[in-house]
Amino acid sequence: MLYLTVSYQIEYFNANAKASLDAWPVGLKARYLALLMRMTEHGPDLGMPHTRAMGNGLFEVRVKAGEGIGRAFYCTMVGKRIVVLHGFIKKTDKTPAKEMAIAHDRLKELKS
């Protein structure tokens, strides 16, 4: 029997992207890190309700815990790299345009 190990690396776009996620409450951060560990093992597409494609190469990690709801935007790069672009705590049902714009700008910068 052949076992295929897919190993992805997680990177952060910059220190601000990492800091935004490090500031999450403990429960949200623990759930987020657990999903990232699954992504390194199984790849960037865990499917709903954990991850979702947002279009144009942008994806989101969907995190829910007792403290609230968090979202982290990411993209994939050549060489099995997952780059986390931005994270925020949701306060409304709809993703704020400001948060989406930050992720899109960072994605554009990364891909250029």
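Residues are numbered from 1 along each chain as its sequence is written, and side-chain values use heavy atoms, with hydrogens and water left out. Because the model is predicted, local features need pLDDT of at least 70 and side-chain atom pairs count only at pLDDT 80 or more, while totals for chains, interfaces and linings use all residues.

**The sheet**

Start with the strands. Helices (H or I, at least four residues) and strands (E, at least two) are DSSP runs, numbered from the N terminus. Five strands make an open, mixed sheet in the order β1-β5-β4-β3-β2; two strands pair if DSSP finds at least two bridges between them. Select 9-12 and 51-55: these are β1 and β2, the edge strands, each with a single partner, so one side of each has no neighbour in the sheet. Neighbouring strands are turned by 35° against each other on average, direction ignored. Angles run from 0 to 180 degrees between N-to-C directions, and the axes are lines fitted to C-alpha atoms, for helices over the stretch in contact.

Select 26-42. This is helix α2, which lies across β1, β2, β3, β4 (68-77) and β5 (81-90), at about 135° to β3. Contact here means heavy atoms within 4.5 Å. Then select 97-111, helix α3, which lies across β2, β3, β4 and β5 and runs at about 165° to β5.

**Salt bridges**

A search of the whole structure finds 5 salt bridges, each a side-chain nitrogen of Lys or Arg within 4 Å of a carboxyl oxygen of Asp or Glu.

Buried means under 20% relative accessible area, exposed over 50%, and partly exposed in between (1.4 Å probe, protein chains only).

R71 is in β4 and E60 in β3, so the pair ties together parts 11 residues apart in sequence. Both R71 and E60 are buried. Shared partners join R52, E60, R62 and R71 into one salt-bridge network.

Finish at helix α1 (residues 15-22), where K18 and D22 sit 4 residues apart, about one turn of the helix. Their salt bridge has its closest N and O atoms 3.3 Å apart. K18 is partly exposed at 36% relative accessibility, and D22 is partly exposed at 39%.
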